[in-house]
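Here are my notes on this one, roughly in the order I'd go through them with the viewer open.

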Amino acid sequence: MRFILILILILSSCTLTTKKRTTQEVFSTEKIHWYQYYQIIKISKNNYNNFINLIEQKSIEIKKVHVDSSYVYFKISHYDYHNLKQENLSIETVQDFPFIWWDNDLTLRKNSLKTMIEGYKDYESITKIIFFLKEKYPQWIRIKELGKSYNNKSIYLVHLTNHQNNNPYKIPVYFNALHHGNELLTIEYILDMIFLLLGESNIDINQLNSLQQNSLKAIPLQEREVILNNLDIFIIPVVNPDGLDNFWYKSIHKGRKNYRNVDLNRNYPIYWNSSSLEASSSLVESYKFRGFSPGSEKEVQYIINFLKNDSCNFAISYHTYANKILIPYTIEHLWNPIPDRALYFAKKILQNSFSYRAKNYELARKLYAVDGTDQDWIYNRTGCIAYIVEGSMNLPEYSVAKYSIIGLRPIWYNLLKIALEEPRIELEFFDNKNQPIKPDITINNYYIFEKESFSFYKNRWIFYLGPNKKLDITIKYKNIEKNLQWECLDICREKIYLTNI
Ligand SMILES: [Zn+2]
């Protein structure tokens, strides 16, 4: 008996310690698209009375969303739509419409900031929220306009840090959303991070499925202060405001691209128009139209100019909904340096993330053929380790989208922790007049295939070591050449004076 009891105890403690949360046991959904919930249908005006009688008879809830000269348009649940289809009535589904017809509560939500937060957001809502936060937290948030879109909408850069703290060793990290204006969940991931870092709670986890106990609910003040005192968090919440506007107010098919019909994530000047036929297109009507020349689009130029000045060490560009973290390089035929720091950190970033889908988040490279992407441009031209995070859902009902938002929290949280804590070498260089300089730097103890260049951040050259704690570099400045080596297990900072002696 005692033996059995001990055995039971051992077995149960094993299950307790080895048991991992599986998606199925918590909550999972494959209802990740808007059209799995509601359809938009149209009824000709001749049929209108018959139709209304029928839905009253069947007690079907339906919402009128638009009227034109010939038709009345309704939003109807997927279930009711199939129910009605049995009847002998001419009901047509609408294939293209502005998203506001589907999410027609947006107008009401926009009456107050509190309700605005409780659903998908258009450009005006996002702008109101970030400016409200700036007014409320002037110590933490500054906003700069990078430029205007083709349709004259401001593209903002949000700078989140402790602006009253003059720590000269802040690390720059960069987040962006809505390269594709139809991917509304991407802005949710970004706003959620901003809210949590400011100590605001935007999602009431207690209202979600009761098994969400292990989710990241809040970040304690002390930890938030460490993050904001030591990181310069740069955020472009809406890369493509014109696409976002088109999606909400013109056509669900127009949201992906910008005002000139360019897929901004095929327009970056890196392997732009590579020989791959699948990667991007020269046809304006294609969903992956690469634009008129490398970096032809204003939105891309603003970002390139910003990153040339401010750089970053880690970056996330949000997309939906492949449920993956994409590691650079994502363009075919490009080779990663060896050892592969991007892969090393990606494994850490993935930890504890939760998709609320049947399959959890995975790491991937070269998921599909692309060229001219922001991720690869950033990685190659600035040395910033840039990921594409493809969120786990497309556009489900907002109550379901909340699961995707909280499940993604560990991803950005891990990235911030990595930026804070991982071993790195930070170098500052000075000439013989004690002026800061930016010499050419070649890394000798990595196999490098794509001639990556490494930007400075405010006169500092910052290199995260990843799997290899040694660094061997050659520095060239005018006629001076120096070879230097380090082994560093923590944060190693050094000032180097390049003189002709
Ligand atoms: Zn996308």
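1. Is Tyr-356 buried or exposed? With 28 C-beta neighbours inside 10 Å, Tyr-356 counts as buried. The cut-offs: a residue is buried if 20 or more other C-beta atoms lie within 10 Å of its own, exposed if 12 or fewer, and partly exposed in between, with C-beta atoms placed from the backbone. Tyr-356 also has a positive phi, near 60°, and is not a glycine. Look for Tyr-356 in the loop between α12 and β11 (362-364).

2. Some housekeeping before going on. This is a predicted model: local features need pLDDT of at least 70, side-chain atom pairs count only at pLDDT 80 or more, and totals for chains, interfaces and linings use all residues. Residue numbers start from 1 along each chain, as its sequence is written. Helices (H or I, at least four residues) and strands (E, at least two) are DSSP runs, numbered from the N terminus.

3. Lys-478 has a positive phi of about 50° although it is not a glycine, and it lies in the loop between β17 (470-477) and β18 (480-487). Lys-478 is exposed, with 10 other C-beta atoms within 10 Å.

4. Now a sheet. Four strands form an open sheet in the order β2-β3-β1-β4, with antiparallel pairing; two strands pair if DSSP finds at least two bridges between them. β2 (62-67) and β4 (92-93) are the edge strands, each pairing on one side only. A hairpin takes β2 into β3 through 3 residues, and β2 pairs with β3 (residues 71-77) in the antiparallel sense over 5 bridges.

5. Axes are lines fitted to C-alpha atoms, for helices over the stretch in contact, and angles run from 0 to 180 degrees between N-to-C directions.

6. How enclosed is α8 (residues 184-197)? Of its 14 residues, 12 are buried, so α8 is largely enclosed by the rest of the structure. The buried set in α8 includes Leu-184, Ile-187, Tyr-189 and Leu-197. As for length, the 14 residues of α8 should span 20 Å at 1.5 Å a residue, and its end C-alpha atoms are 21 Å apart, which agrees; the expected span is 1.5 Å times one less than the number of residues. Gly-199 follows α8, with a positive phi near 80°.

7. α8 and α14 are a pair to inspect. Their axes come within 9 Å and cross at roughly 55°, and α8 and α14 are therefore oblique to each other. On the scale used, angles under 35 degrees count as roughly parallel, over 145 as roughly antiparallel, 65 to 115 as roughly perpendicular and the rest as oblique. Contact here is a C-beta criterion: two residues are in contact if their C-beta atoms, placed from the backbone, lie within 7 Å.

8. α14 (residues 398-421) also packs with α12 (residues 341-350), at an angle of about 130° and with their axes 8 Å apart. α12 and α14 are therefore oblique to each other. Phe-345, Lys-348 and Ile-349 in α12 meet Ile-411, Asn-414, Leu-415 and Ile-418 in α14.

9. Please check the cis peptides. One joins Thr-320 and Tyr-321, with omega about 10°, and Tyr-321 is in the loop between β9 (314-320) and β10 (324-326). The peptide bond from Ile-338 to Pro-339 is also cis, with omega near 0°, and Pro-339 sits in the loop between β10 and α12.

10. Finally, Thr-382, in helix α13 (residues 374-382). Thr-382 counts as buried, with 25 C-beta neighbours inside 10 Å. Leaving out residues up to four places away in sequence, Thr-382 touches Leu-307, Ser-311, Cys-312 and Ser-455.
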